[in-house]
Amino acid sequence: MKKEKTNPDILLPESACELCGFTGEEKLELHAAEDTLVIVKTKMTAMELVHVIDTLSEIASALTVHLAHACGSCNNCGDSPDLCGSCAAKQNEKAKSTGGGPVEWVKNCELCQSLLEADKEIQLPDYLLSEAGIPKDAKLEAYADEDSGEITVVEAENQYDISDVPPGLRAVLAMSGICLMELDELIMLEETVYGDD
Ligand SMILES: [Zn+2]
Ligand SMILES: [Zn+2]
């Protein structure tokens, strides 16, 4: 018997096809990336391309807003007492006129600033890693000892942290007063922040 191709066909809902105008006649191409799959036509006019770009940027902004909500505004990273919604709103009003508030807090918070600039990679030569029994592509974490001046490097406990967030996105969130410490925690906790768990 001849072996059938095992790639699954993707069936698109009819209503979705009506909306995007795919008839089933045209060839489609997939853009697959980590946690994302985008389907577009292989041939497009300039206007069709504009529609795709427009939709993708709309989705990107909506998702950024969603992520921002999940993190929440910075409350001065613990330096200000927890406020109820209405007090916080009042304080935000006041902050706007005096120049304080989440945006300023993030700007002046040492922790948030260090997270804003957190660099992805600690590089060590392969032989050192293999001597320590750490896989070559493992994420590394370092601790400094102020007294001895020694730095200890270990395999990181978490697969992802804020250093895996593109710097541009980090900057946008920080400029809006979103707490980067909170984002770092959400990433490391690996909890669902979009949709129901
Ligand atoms: Zn904060
Ligand atoms: Zn902070």
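This note sets out points on the metal sites, strands, backbone, pocket and salt bridges of a predicted model.

1. A distance of 3.4 Å separates the zinc ion (ligand 1) from the zinc ion (ligand 2). Cys77 coordinates both ions.

2. Hairpin. Strand 3 (residues 140-144) and strand 4 (residues 151-155) run antiparallel and are joined by 5 bridges. Within this pairing, Glu141 stands opposite Val154 in strand 4. The hairpin has 6 residues between the strands, and Gly149 takes a positive phi near 75° there.

3. Backbone at Asp35. Although Asp35 is not a glycine, its phi is positive, at about 60°. Asp35 is placed in the loop between strand 1 (28-33) and strand 2 (36-41). With a relative accessible area of 83%, Asp35 is exposed. Asp35 also belongs to the lining of the largest pocket, described in point 6.

4. Backbone at Glu190. A positive phi of about 55° is found at Glu190, which is not a glycine either. Glu190 is located in the segment after helix 8 (180-189). The relative accessible area of Glu190 is 59%, so this residue counts as exposed.

5. Largest pocket. The largest pocket contains about 1800 Å³ of space. Its lining comprises 39 residues, and those nearest the centre are Glu34, Asp35, Thr36, Ile59 and Leu63. Helix 1 (14-20), strand 2, helix 2 (46-71) and helix 8 each supply at least two residues of this lining. Helix 2 gives the most, with 11 residues. By class, the lining has 26 nonpolar, 5 polar and 8 charged residues.

6. Salt bridge between Glu48 and Lys41. The model has 4 salt bridges by the rule applied. In one of them, Glu48 pairs with Lys41, and the closest N and O atoms are 3.0 Å apart. Glu48 is partly exposed, at a relative accessible area of 26%, whereas Lys41 is buried, at 14%.

7. Salt bridges of Lys139. Lys139 forms a salt bridge with Asp161, with 3.9 Å between the closest N and O atoms. This pair links distant parts of the chain: Lys139 is in the loop between helix 6 (126-132) and strand 3, and Asp161 is in the loop between strand 4 and helix 7 (167-175), 22 residues apart. Both Lys139 and Asp161 are buried. Lys139 also forms a salt bridge with Asp164, where the closest N and O atoms are 2.8 Å apart. Lys139 lies in the loop between helix 6 and strand 3 and Asp164 in the loop between strand 4 and helix 7, so this pair ties together parts 25 residues apart in sequence. Lys139 counts as buried at 18% relative accessibility, while Asp164 counts as partly exposed at 24%. Through salt bridges that share partners, Lys139, Asp161 and Asp164 are joined into one network.

Terms used. Residues are numbered from 1 along each chain as its sequence is written. Chains are lettered from A and ligands numbered from 1 in the order in which they are written. This is a predicted model: local features need pLDDT of at least 70, side-chain atom pairs count only at pLDDT 80 or more; totals for chains, interfaces and linings use all residues. Side-chain values use heavy atoms; hydrogens and water are left out. Donors are N, O and S atoms within 2.8 Å of the metal (3.2 Å for Na, K and Ca); water is not among the atoms, so sites may look incomplete. Two strands pair if DSSP finds at least two bridges between them. Helices (H or I, at least four residues) and strands (E, at least two) are DSSP runs, numbered from the N terminus. Buried means under 20% relative accessible area, exposed over 50%, partly exposed in between (1.4 Å probe, protein chains only). On a 1 Å grid over the protein atoms alone, a cavity is a set of points where a 1.4 Å probe fits but cannot get out, and a pocket is an open set with protein on both sides within 12 Å along at least five of seven lines; lining residues have an atom within 4 Å of a point. Grid points are joined across faces, edges and corners, and a volume is the space filled by probe spheres set on the points. Ala, Val, Leu, Ile, Met, Phe, Trp, Tyr, Cys and Pro count as nonpolar, Asp, Glu, Lys and Arg as charged, and the others, Gly among them, as polar. A salt bridge is a side-chain nitrogen of Lys or Arg within 4 Å of a carboxyl oxygen of Asp or Glu.
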